[in-house]
Amino acid sequence: MDVLRKIKSATLVEALVATVLVVVIFMIASLILNNLVLNTFTKRNHSLEYRLNELEYSFNNDKIILPYNEEFEDWNITIARDKNPQSDNILFTASNIKTDKEIKRKRVYAN
């Protein structure tokens, strides 16, 4: 009579709840991955960041005379002293020609 013994299994409601939970988790994961990929492709300014670091290094080692202007790929890079006479700040500004996006860095300059 072992054949007629009931087999423990999940009910239909439990199976549906588990399926919904799995689908929701996959939806959230896909939204997160989509956001990461989109941000990676839209930001793409690693070469600009590297160039700004090079220029900052050159400025710190007195290789650049202010004011300084340069065109790098699609970016206009400007290095100038802050307009505030009480501060010794140096402004590194990069403006994208096509998208009008602007990246600014402010560094304190010590003589």
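1. Pro67 sits in the loop between α2 (46-60) and β1 (68-72); helices (H or I, at least four residues) and strands (E, at least two) are DSSP runs numbered from the N terminus. The peptide bond joining Leu66 and Pro67 is cis, with omega about -5°. Asp62 is in the loop between α2 and β1 as well, and has a positive phi of about 60° although it is not a glycine. Most residues other than glycine have a negative phi, and most peptide bonds are trans.

2. The model is predicted: local features need pLDDT of at least 70 and side-chain atom pairs pLDDT 80 or more, while totals for chains, interfaces and linings use all residues. Residues are numbered from 1 along each chain as its sequence is written, and side-chain values use heavy atoms, with hydrogens and water left out.

3. The protein chain has 2 helices and 4 strands, in the order α-α-β-β-β-β. The C-alpha trace spans about 95 × 30 × 25 Å along its principal axes.

4. Val20, Val24, Ile28, Ile32, Leu33 and Leu36 make a nonpolar surface patch of about 550 Å². Patch residues have over 30% relative accessible area (Shrake-Rupley, 1.4 Å probe) and no salt bridge (a Lys or Arg side-chain nitrogen within 4 Å of an Asp or Glu carboxyl oxygen), with nonpolar side chains (Val, Leu, Ile, Met, Phe, Trp, Tyr) joined within 5 Å. Leu36 belongs to helix α1 (residues 12-43).

Key: Patches are made of residues with over 30% relative accessible area and no salt bridge: like charges are joined within 9 Å, nonpolar side chains (Val, Leu, Ile, Met, Phe, Trp, Tyr) within 5 Å.
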